[in-house]
Each structure stands twice: as C-alpha cells, then as structure tokens.
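Colleague: I am new to this one. Could you walk me through it and tell me what each term rests on?

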Amino acid sequence: MRQIRTFGLAVAAAALATAPALADDIVVGFATAASGFMEAYDKPAQDAAMIRIQEINEAGGLLGRQIRVVTADTKSDRAEGARAGLTVVDAGADLVVVSCDYDFGSPAALVAESAGKVSIFLCAESIKAGIQGVGPHSFSASVLAAVQGATMAEWAYHKRGARTFYRLLDTWTEYNKGICDGFDWMLPRLEGATLIGSDTFVNDDVSIAAQITRIKALPQAPDAIMLCTMMPGAVSAIKQLRDAGITAPILNGSGVDGSYWLSAVPDLSNFFVPVQGSIYGDDPNPEVTAFNAKYREMTGSDPSTQYVYPGYVMIDVWARAVERAGTTEAAAVVAELEKMRDEPTLFGPRTFTSELHHQNRARYLIVETDQGQPRVIDEWTISEPIPVSALLR
Amino acid sequence: MPGLLQILLDALSLGSLYALGALGIALIFGVMRLVNFAHGDVIAFCIFALLWPSVDVVPIVFAGQLPWFLLIPFVLAVGAGLSVLAELAVFRRFRHANPATMMIASFALGFVIRYFLLMLFSSRPKSVQILPGLSQPVELLGARIPLLQVVTILVTIAVLLALVAVLRRTRFGLEMRAAAENFTMARMLGVRANRVIMGAFAMSGALAGAIALILGSQTGTADIMMGSSIMLMAFIATVIGGLGSLFGAVLAGFLLGGVSVAMQFALPLEARPFRDAFVYGAVILVLLWRPQGLLSGRAAKERV
Amino acid sequence: MSLLSLSNVTVRYGRLTAVRGVSFTMAEGEVLFVTGPNGAGKSSLLRAVAGVVAPAGGRIDLADHDITGRSPETIARLGLSMVPEGREVFGSLSVEENLLVGTGMHAGTRGWRARCETDLAAVYATFPILKDRRRSQAGLLSGGQQQMLVIGRALMTNPRLMAIDEPSLGLAPNIIDQVYDRLTELRRHRALALLIVEQSSTRAMMVGGRMMLMRGGEILLDGDARALGQSEAMQSAYFGYGEH
Amino acid sequence: MLRRGSVVRRTIATPIILSALILALAIFTVWSGSRPFNQTVIDVLLRVMLVVGLYIFIGNSGVLSFGHIGFTCLGAYAAAWLTMPPMMKGMMLPGLPGWLIATKLPYWVAAPIAATFAAVFAWLFGLVLMRLSGIAASIATFAMLAMINKIYSNWSSVTGATSSVVGIPIVRDLWPYVIAAILCIVIAWAHAISRAGLKLRAARDEPVAAQASGIDIPRERLVAFVVSGWVTGLAGALFAHSLGVVTPDTFYLAMTFMALSMLVVGGMSSLSGAVLGVLVLSLLIQLLRGLERGVDMGGVALKIPNGLQEIALGVIMIAILMFRPSGMMGNRELVWPRARRRRAADAAPRSSTNTQPTGVHR
C-alpha cells in the first residue's frame with residue numbers, strides 16, 4: 001500500500017518535472033539523499049517540501065510561474081553531494097535544497113553559494129548551516145540544537161522545579177554537543193540550579209554501564225538528566241538507564257522524537273522532548289493535524305518525527321520571500337528573508353537576520369512520554385535568545 | 001566512588017561482548033587465516049532476521065514474537081546459517097588467496113550484507129523487544145544491577161564452557177584444534193578440511209547470534225551498523241590475544257572491556273571523550289611489547 | 001599390482017621446476033629410500049604424493065586409485081600416512097590427542113573405538129616413552145620423542161604406506177638409531193611399505209631395501225641400497241662429478 | 001650493482017602510460033564540459049592519489065596498513081588551517097597558535113606543506129610501528145588511525161571536533177588535481193626504483209635472505225611509510241579543497257576500506273594495479289549509479305532499484321578477486337607492448353611468492 005502511495009507521489013513529482021518545461025518555470029533543486037543511510041532522514045522532510053510546492057502550484061504558482069522540481073541523489077556521500085549540487089545548479093535551480101545534516105549538506109550548499117544561489121538545509125541544526133558555515137545565501141529551516149537544550153533546562157526549572165541536573169553527552173556529533181552547549185549556556189541563568197555531575201559516552205558504545213554506575217553513585221538522584229544524544233544510540237542509552245533502575249526525568253533534544261522506537265523501552269515515563277509540531281495528533285494548532293493527514297495521504301504513512309516539518313517551513317518562508325521580492329534573484333530573496341521577524345508558520349515563528357540565518361530562539365512544544373504514551377503537555381519559548389557569540393564558542 | 005562490585009560487573013559485561021566477538025573471529029582465523037570483516041554484519045543480520053522487511057519506521061515484528069525457547073535457537077541458527085552460506089558461496093573459493101585478498105573479500109561481503117539490510121529496512125534504527133524479562137534490575141550483594149549484565153556474563157561463561165567442552169571432549173573439537181594449529185598436517189592425517197572449516201563458520205556464526213541477542217535486548221534497537229564497533233574491538237582483541245589462540249582472544253576481550261571501563265572511571269571529565277584514543281594507544285603499546293600477542297609463545301600456546 | 005605408482009610426475013613452484021617427469025612404482029611392504037643432495041626435489045616429490053602440492057603434470061596412483069591432484073585428506077584416507085620434515089607435532093595438544101587426530105577417518109566404522117584402543121596400546125608398546133608422557137603437551141617433548149610421536153601418529157591411521165621426510169634431521173645419532181630400530185621392527189610386524197627421504201645414503205645402506213638417488217629433480221639411480229651405496233656411480237651422481 | 005640508468009629506462013614506461021591515462025581522462029572531461037562530471041573526475045583523481053599512496057607502503061613492503069587514511073586526515077586539516085580566512089579560524093578554532101591563525105596561504109603552497117605535516121607524523125608513528133610486521137603491524141596502524149580519529153573528533157579548539165571545518169577555499173578546476181595525481185604516480189615510481197624501494201621489495205619477497213644480506217627492514221619500511229604518508233597527506237589536503245569542508249569521520253573506516261579495496265582489486269603490489277583499480281572500480285560505480293538513475297535503452301527504460309548499486313559493487317568485487325586473487329594486475333606493470341615480454345621475464349620469479357604450496361585444495 002505504502003509503495004503505491006509513494007509511487008503516486010513520485011509520479012506527481014515527475015509530472016511536476018515534466019510539466020510543460022517553460023523557460024520561466026521557477027526551479028527548485030533537491031541535492032538530497034535518495035539512497036544510502038541519509039535517505040531515511042532526507043526523504044520525509046523532502047516529501048513535506050513537495051507538499052508545500054504542490055499547494056503553491058495548485059494555487060497558481062509563485063509570481064504566476066509554476067515551480068518545477070529537479071533532483072540529484074547525494075548517495076549519502078559528501079563528494080557525491082558536491083556533484084549533486086552542481087547538477088541541480090546546472091539544471092537552473094533558483095533554490096538549492098540540501099541534505100538534512102550539515103556535514104552531508106554543506107558540499108552542495110557550498111556549490112550553490114559559489115553559484116550565487118540561495119540554499120536551504122532541510123533540517124540542519126548547527127549554526128554553520130547558514131552564514132557562519134556556508135555563506136550569506138544559506139539558510140536552515142530548523143532550529144538550532146542549542147535552543148533545544150536551553151528550552152528543556154529552563155522549562156524543567158520553571159515547570160518541574162528541577163534544581164539539580166546531570167548532563168550526559170554523546171560526543172558522537174556536533175548536534176549532540178549543540179544540545180548540551182545550549183543547556184550549559186542556560187544553566188547559570190537559572191538561579192539555584194546546579195550541575196551535580198557530568199559524563200560522556202559515544203553513540204556506538206557497546207554499553208554505557210560505566211556511565212550509569214557513575215550516576216547511581218551520586219549521593220542523591222538528580223532532579224533531571226539532560227541527555228544530549230541522537231539515534232540510534234539514544235534508544236540504547238535510554239533503555240540502559242531505565243533498565244538500571246534510574247527513574248529520574250530525562251530531558252532530550254528533538255532527535256529522539258517519534259513513537260516508532262518506544263516499544264524498545266516498554267512503559268517509558270518521565271521523558272521529555274521539545275518538538276516544533278506534534279506528530280501525535282494533539283498539536284494545539286489544528287492545522288498541524290490537518291497537515292499530518294495530508295502527509296499521510298501523500299506518502300501513505302504518518303510523519304514519523306517532527307523533522308518532517310522543517311521541509312514544509314522551508315518552502316513556505318522562501319516562497320513568501322520570493323513573493324515579496326517579486327523575483328527569485330538571490331540577493332533580493334535573501335534581503336526579504338532577513339526582514340522576517342517572528343514570521344508565523346505552521347510550526348512556530350521564524351526570524352532571520354543579517355547576522356543569523358537560523359533560529360536562536362523558538363517556540364517549542366514539550367512532549368511528555370508517560371507509560372509509553374507521548375503527548376503534548378506544554379509549550380515553551382526561552383526567555384532570551386542565545387547570542388551568536390555563545391553559539392560560536 | 002561507585003561500588004567496586006558494580007565497576008567489576010560493568011567491565012565483565014562489556015568484556016564478555018568483546019570476548020564473544022573475538023572468539024567468533026579467532027575460530028575462523030584459526031582454521032583458514034581469514035580475518036572475517038563480515039562478522040559485524042552477520043551480527044546485524046541476526047537481529048534483523050526477527051523483523052519483516054519494511055522501510056517503514058515502525059518495525060513489523062516477525063520472528064521476534066517467538067517465545068524465548070524458540071527465539072534463541074532461531075537467532076543462533078540464523079547466524080550459523082548465514083556464516084556457513086558465506087563460506088560456501090564466497091570463502092571456499094579463496095582458500096589459495098593471500099590473507100589481504102581474503103580480508104578484502106570478507107569486507108566486500110560485509111558491505112553486501114549491510115546494504116542488503118539497508119535496502120530492506122532503511123537506515124533508521126528499528127526497535128525490537130527481545131527477551132523483555134531481562135530488562136529489570138536485580139539486587140546483588142546490596143547493589144541494584146541490571147539483570148541483563150548478570151545474564152550477559154553468565155551466558156558468556158556458559159558459552160566459553162560449552163566451547164571448551166566441544167573442543168576438548170569431542171572428535172570434532174580435536175580435529176579443529178589440530179587444524180587450527182597446523183592445517184596441512186591435520187589434512188595429511190585425514191582430517192576433512194571443508195568439514196572443519198564449515199564447523200568453525202557455524203560456531204562463529206552462532207556466536208554472532210549470541211551477541212546479537214545480548215545487544216538486542218540491551219539496546220532494544222536493530223541498527224544496520226550495530227555490529228561494527230564490536231567487530232573492531234573483537235578484531236583487536238583477537239590480535240593482541242595472539243592470533244589463533246582462542247583463550248588469548250577471550251582474555252584480550254575481557255582486558256579491553258576492563259581497560260575501557262577503567263578509563264571511563266579514572267579519566268577526568270575533560271579527558272573522557274579521548275577515552276578511546278587512550279585505549280588504542282594502549283593497544284599499540286601491547287603490540288610493541290608482545291607483537292605475537294599475549295598468549296602465543298610456543299609452549300604457552302593455548303590449550304582450551 | 002603396485003601400491004604406489006608415479007608416471008612422469010612434474011612439480012613446479014611458479015617458474016621453478018622441482019621435480020621433472022619422475023616415474024617409479026612401489027610394491028606392498030617395500031622399503032624405498034629416496035636420497036640426494038639438498039634441493040634435489042625429494043621433499044617436493046613427497047609433497048606431491050601426499051597431495052600437499054598438485055603436480056603440474058603426470059599421474060600418481062595409490063592402491064589402484066588415481067590420486068593426482070586429490071586433496072591430502074582423500075589421499076590419507078586411501079592409506080598414505082605422511083610424516084613431514086621437521087616433525088610438525090601439534091604442540092598445543094597432548095601426546096595422546098596427537099595420536100588420536102588421525103583416527104577420525106575411520107570414525108563410525110564397526111569396532112572403531114575398540115581398534116583405536118588396540119592401536120593406541122600398540123603404539124605405546126612400541127614407544128613406551130610416549131605412554132609415560134601421554135598427558136603432557138606435545139610441544140614440550142624432546143626432538144627424538146617428537147619424532148617417535150609423529151611416527152606413532154602416522155601409524156594410528158593404519159596406513160599401507162608411510163612416507164617419512166628426513167626422520168634423522170636434527171637428531172642425535174643414538175636417537176636416530178632408535179628411530180630406525182623401531183621403523184624396521186614395525187615393518188616386520190605389519191604389512192607396511194615405507195617411503196623414506198634422507199639426504200645421505202648411509203642409513204639406507206644400514207637398513208637395506210631399495211634406494212633411489214635424486215638430483216636436479218630427476219631420478220638418476222634406482223637399485224638395491226647396499227649394492228648402490230658402495231658403487232662408484234653413486235658417488236659421482238650424488239656430487240655431480242663428470243657432468244660438466 | 002644496479003645501474004640506475006638502466007633501471008630507469010626499463011621502468012619509465014609505467015609512469016608515462018599511467019600519466020597518459022590520467023591526462024586522457026582529464027582531456028575527455030574538459031571536452032565534455034559537464035561540471036558534475038568534472039567533480040566526479042576530481043573525486044577519482046583524489047582516489048588515485050590515495051591508492052597510489054597506499055601502494056607505496058603496502059605494495060612495496062607487503063604489510064597491510066589500515067592507518068594511512070589517518071595521514072589523509074592530518075593533511076586535510078593542515079590544509080584547512082593554512083588556507084582558511086584568519087577571522088574564521090579565530091572564531092571556530094581559537095586553540096590554534098596565533099601565527100597559524102594569522103596565516104593564509106594559497107592552496108598550492110599550503111598543500112605540500114600540509115602533506116609534509118602528515119609525513120612528519122608518519123615518521124614519528126613509523127619510528128615506533130615499523131618494528132612490527134604482519135598482522136600485528138596492520139592492527140597497530142589501525143590503532144593509529146583510530147587514535148588520530150578520536151583526537152581530531154574531540155579536540156574542539158584546534159580541529160573543531162566533530163563539527164565540520166568550513167571556509168576552506170574550494171578548487172573546482174581540474175588541472176591542479178591532474179598535476180597532483182601525476183606527481184604522486186611519479187613519486188611512487190621513483191620510490192619503487194630507488195635503492196630504498198628495491199631493498200624493501202627484496203625484503204618483502206625474501207625476508208630472511210634480505211635480513212641476512214644486511215637490509216635494515218624497519219628502516220626501509222620507514223622510508224616507504226613517510227613517502228606514502230606524504231602522498232596520502234597531499235590527497236587529504238586536496239580533498240579538503242575539492243569539497244571546502246572537512247570532518248574527522250570522513251577520514252575513517254569507510255574511506256580506508258574503499259581505498260584498500262581499490263588497491264587489492266587492482267593488484268596490491270603493482271603501481272599500475274593501484275591506478276587501474278581506482279579507474280575500473282570508479283567507472284563501475286558510475287555505471288551502476290547511472291543505472292540507478294535510469295538509462296533509456298532504445299525506448300526501454302532500464303533502471304535498478306536504489307541501493308542496489310552498493311550490493312552489486314560488493315558482488316563484483318568479490319567476483320574479481322575470485323578470478324584474480326592477486327588483483328587485476330597481479331604484480332605486473334603496464335609497459336610498452338614491445339617490452340612486455342622482457343619485463344614479464346623479470347617480474348615472474350617474484351610472482352612465485354604468491355603461490356602458497358601449503359594452501360588448501362578444494
């Protein structure tokens with residue numbers, strides 16, 4: 001069933017691609033992974049982007065022109081990423097959409113940058129996915145990882161009365177470190193909050209028994225454990241923590257969103273994740289639930305994680321900027337994007353400035369998993385944006 | 001300072017996994033001088049055999065629903081079967097090749113298995129619930145420790161004892177030990193080479209299955225790369241234990257687990273991310289000290 | 001019918017030809033010494049017979065079976081037992097385990113276990129020292145004891161033909177005497193053919209039997225050991241006088 | 001005593017033919033005018049450098065090294081340090097010494113310096129590691145790679161840790177890569193016919209005899225290790241410029257096995273094998289990727305499912321090795337057709353070392 005639906009979407013995309021290839025079509029180039037291990041992360045966000053493109057085309061297009069999609073597979077390989085970037089740029093892309101992860105997306109983004117095209121990362125959460133790492137024409141559709149860590153710390157402090165924190169960092173990727181950096185930045189701002197311990201592990205560690213032993217040796221259990229990690233190691237770490245009898249609340253980044261893995265840790269409770277929108281059908285904004293239904297209709301399955309949403313946001317804000325600029329010309333579009341201050345989108349407001357093409361503050365929904373059931377319990381926006389200087393360290 | 005007992009258990013349980021992995025590699029190396037880089041992918045395959053192929057994020061549990069007394073033999077058989085298949089289809093044709101060629105062939109085979117799994121299951125980790133009964137803490141000498149840790153250690157000890165029994169008490173074991181020490185001589189005494197090698201592959205594959213079960217119940221995840229870090233450590237353990245020495249491989253596996261856990265405790269926070277760099281540094285030192293491995297002096301050669 | 005027959009056997013290692021078109025036959029129970037200087041191709045000949053290297057040309061028959069290019073285990077199962085140069089005991093196995101390795105080929109046949117026991121007793125009777133040290137690691141035996149062990153190990157397979165490569169290499173003369181005493185004794189008790197490679201012809205002359213002289217991968221002389229050993233031809237052939 | 005001139009005359013054909021192949025590929029690329037294809041060829045040329053670098057050590061010494069990609073990592077980061085804008089370095093990599101932060105060199109000056117940096121580390125590691133041989137040496141080199149990787153993945157103030165280092169000037173012009181690849185081939189050839197290279201190969205084929213005749217094996221290995229460290233380091237530096245971004249995990253197991261596979265498939269102890277291994281496997285990969293994208297064959301769309309490319313590649317690699325266990329070239333080199341007969345006679349005795357008389361029959 002799912003395959004048929006996917007096929008349907010592919011046909012739709014192909015139809016878009018082969019629709020009367022007018023010279024004045026606006027071209028969006030996807031230099032993303034259609035195979036290899038990044039595919040599982042790129043594809044959902046790309047599908048969401050396709051939904052927005054289809055909506056725009058059905059509503060008459062952008063600046064009265066249809067959006068045409070060209071794609072090139074990065075094969076989840078960096079060198080192939082640069083090649084894919086060149087392929088879509090040479091195919092006339094006005095916007096280059098690149099892979100979800102900064103490391104895998106940047107080669108193509110750099111190609112777009114040197115060609116003077118706007119590039120947007122599907123869901124990269126490093127500050128480098130933007131001016132600081134690629135150049136003035138590059139943006140990310142998601143929110144900085146640091147904001148997730150800061151959000152969870154501040155929320156737990158205010159809403160759960162957490163005072164003692166433990167920090168467990170998986171040094172595997174920059175994303176993980178970013179979450180903990182945001183947490184570290186926020187903690188001193190919370191009066192009376194203390195860090196009672198800190199440890200590191202690596203995502204592919206066979207066992208984190210030693211790290212767990214250290215937590216259990218603490219004179220008193222922490223009020224909350226900030227767990228900065230991602231898939232696949234996250235499930236393993238969470239399961240090992242709970243199996244060892246540690247019941248303290250666990251605070252996370254968005255990377256562990258989704259219910260698909262919950263069966264691995266039966267009856268998981270006291271578990272908190274910040275998300276941009278809820279995939280569980282209980283988003284305070286009914287339009288998100290409507291989007292979920294649409295996504296299901298297009299792809300045959302529900303969004304698996306919140307990382308579907310930035311793909312939609314990306315096309316949305318870019319299209320608005322193009323509308324306002326009245327052109328797809330990069331400098332004008334960037335100027336319009338940089339004027340956005342708390343620009344409302346389906347998945348929270350977006351702000352871009354000439355200093356930062358990323359979100360250093362964002363509204364997050366807080367999802368609590370209780371007895372294995374995730375649901376939205378709250379909403380939080382950090383009290384002040386994380387300054388760029390802190391993000392660059 | 002955490003209890004010494006707990007640290008010891010941490011070290012033993014991690015060491016157990018490395019030791020089981022090292023045994024799987026040493027068994028095959030012993031009889032055909034092959035460093036089997038596909039071993040890690042066999043581990044991953046074993047766990048995915050519990051799922052029905054699907055790229056959806058929610059796994060479709062298939063054989064994973066079997067009761068434990070069927071599940072365990074099933075996974076072990078999958079490992080053994082895949083390994084024997086690898087021997088029949090690939091390695092049998094490389095008996096004359098030099099070790100580098102065999103090693104690259106095994107790597108290519110592992111590559112094929114990994115991408116086969118990727119195509120069927122996608123790269124997103126799948127959650128599997130294996131032997132959920134093991135996911136609870138137990139009280140032991142005043143410490144609350146995960147049951148799985150105890151089980152891992154006990155299983156490893158049981159596997160080692162069983163292996164010792166097979167190798168020492170059965171004709172097949174005798175032939176295998178003879179073949180591991182001097183393959184040509186064993187054949188000149190009528191030992192059937194293919195039978196011994198196939199047996200070694202089957203045992204190695206079953207060990208991969210055992211690791212898959214332990215890892216699977218510990219992490220609750222099936223991931224296409226899950227065998228690779230064990231494979232690397234096991235590979236190192238096999239070499240520093242003394243290639244061809246099964247006992248050395250086990251010893252070195254436990255040693256690596258112990259060093260790794262000890263470093264995690266002993267290193268200050270800032271140095272802890274560099275833990276693995278220290279472990280690998282120690283590996284180089286051990287190799288310089290004993291290039292033939294810990295247990296490979298002719299007289300001190302293993303007698304498992 | 002002959003027990004072993006080689007016709008036109010050639011052995012090559014890459015471009016190096018070790019054995020050039022050698023032909024000979026051996027009867028049941030015969031003792032045949034192959035002698036010759038270093039590099040004459042003696043060991044290569046033996047390795048080809050045992051199946052360790054596949055001959056590049058020619059044909060080898062053992063007990064009416066074509067064994068050319070067959071695997072060592074097949075050849076062993078047809079009744080050839082090889083005692084390679086350098087003894088090659090399984091150092092980490094015990095003495096008794098060493099003896100038992102080769103009995104597997106008869107496993108499953110009727111009365112196999114009982115025969116194992118008798119054979120073991122016979123070997124221990126022949127080499128009492130092995131019985132004393134049956135539990136010790138074979139790697140810890142002295143050179144002479146190891147030589148006895150490998151001969152005993154070869155006997156345990158109940159061979160019709162035993163091929164021995166340089167049994168006296170690296171052993172003290174009195175130990176060599178012992179080894180040969182045992183070998184002759186064995187031959188008397190069993191219908192066992194012996195194919196022995198030795199560098200010098202002295203042993204062959206002492207023990208008696210048939211002797212072949214190899215040089216440069218070819219058989220130069222073939223005849224009775226004692227008669228041949230004293231001949232002028234032997235001396236010149238061995239050292240290659242008068243060839244240039 | 002060998003006469004240098006005659007050795008040069010006898011072997012010069014190999015680097016000339018290989019360079020000609022590279023040039024032909026480059027000219028075809030420029031003629032095609034496709035930028036994506038240009039990028040692909042840059043990638044192929046980088047692999048040629050890597051695999052030739054591996055050949056210098058592995059091919060001549062017979063010791064399998066899993067560690068050389070560590071030098072590629074060192075070279076790539078050194079190139080990044082030398083060529084990034086000082087402002088970005090100050091921001092992202094504050095742990096670098098002040099003079100280095102202030103330095104900004106053109107890439108063609110920085111690349112050889114970066115390669116030399118890698119070679120210095122090859123020398124330091126080599127002093128210790130070259131005493132080992134066989135599988136112990138292989139594992140020790142792997143441990144070295146893992147150490148370099150772990151240190152570069154965590155030393156955030158100097159390497160940016162797992163975070164990508166960006167701001168490296170991007171070079172999309174093909175010719176620098178062509179020149180570098182040819183340079184590497186010439187270096188490999190020059191080393192192979194040098195006294196050190198000849199001694200090392202003698203030690204590889206006849207270790208006992210070589211030692212008896214006074215060849216200091218660890219020393220000759222060290223020379224090869226340093227030279228190959230330089231070449232793989234240079235490949236790393238140019239890799240950084242080809243993408244404009246480096247991370248430590250690029251230079252780890254995947255790249256190691258890719259390069260080793262190409263070397264072994266081509267022929268481990270042949271320079272021509274190293275180059276041809278890269279060219280043939282790269283061509284194969286591109287063909288399979290083309291099939292994945294779909295090819296129109298006379299009206300019939302031919303397309304293999306996504307992901308099948310890697311599986312097919314693995315299967316084909318196994319098949320090549322099955323039929324040619326010593327790789328496509330064995331240990332022969334490409335020579336002029338006229339000279340082949342004579343060369344074959346020279347090379348042949350060496351090939352005997354590959355046959356294993358004690359191997360197992362089926």
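**Domains, contacts and sheets**

Modeller: Gladly. The centres of domain 1 of chain A and domain 2 of chain A, taken over C-alpha atoms, are separated by 30 Å. This is a predicted model, in which local features need pLDDT of at least 70 and side-chain atom pairs count only at pLDDT 80 or more, while totals for chains, interfaces and linings use all residues. Residues are numbered from 1 along each chain as its sequence is written, and chains are lettered from A and ligands numbered from 1 in the order in which they are written.

Colleague: What makes these stretches of chain A domains?

Modeller: Domain bounds come from an automatic or database domain assignment. For chain A it gives domain 1 (2-143 + 285-337) and domain 2 (145-275 + 363-392). Their contact takes eight residues from domain 1 of chain A and 12 residues from domain 2 of chain A, where two residues are in contact if their C-beta atoms, placed from the backbone, lie within 7 Å.

Colleague: How many residues does the contact take from chain A and from chain B?

Modeller: Chain A gives 36 residues and chain B gives 40 residues. On the side of chain A that touches chain B, α8(A) gives the most, with six residues. Helices (H or I, at least four residues) and strands (E, at least two) are DSSP runs, numbered from the N terminus. By class, that side of chain A has 15 nonpolar, 13 polar and eight charged residues; Ala, Val, Leu, Ile, Met, Phe, Trp, Tyr, Cys and Pro count as nonpolar, Asp, Glu, Lys and Arg as charged, and the others, Gly among them, as polar.

Colleague: How do you know that β6 of chain A pairs with β7(A)?

Modeller: Two strands pair if DSSP finds at least two bridges between them. Seven bridges join β6 (residues 164-170) of chain A to β7(A), and the two run parallel, with Tyr166(A) opposite Gly197(A). Between them the chain passes through helix α7 (residues 174-186) of chain A, in a right-handed β-α-β crossover. Right-handed means that, with the strands pointing away from the viewer, the path from the first strand over the helix to the second runs clockwise.

Colleague: Why do β2 and β5 of chain C count as edges?

Modeller: The open sheet has four strands in the order β2-β1-β4-β5 (chain C), with antiparallel pairing. β2 (16-26) and β5 (65-66) of chain C each have a single partner strand, so one side of each is left without a neighbour in the sheet. β1 (residues 4-13) of chain C and β2(C) share seven bridges, and Arg12(C) has Thr17(C) as its bridge partner in β2(C).

Colleague: What is the pairing in the sheet of six strands in chain C?

Modeller: It is mixed, and the order is β6-β7-β8-β3-β9-β10 (chain C). β6 (80-83) and β10 (218-224) of chain C stand at the edges. Five bridges join β3 (residues 31-35) of chain C to β8 (residues 193-198) of chain C, and these run parallel; one of the bridge pairs is Leu32(C) with Leu195(C).

Colleague: What makes helix α2 of chain B largely enclosed?

Modeller: A residue is buried if 20 or more other C-beta atoms lie within 10 Å of its own, exposed if 12 or fewer, and partly exposed in between, with C-beta atoms placed from the backbone. In α2 (residues 39-48) of chain B, 10 of the 10 residues are buried, so the helix is largely enclosed by the rest of the structure. Among them are His39(B), Asp41(B) and Phe48(B).
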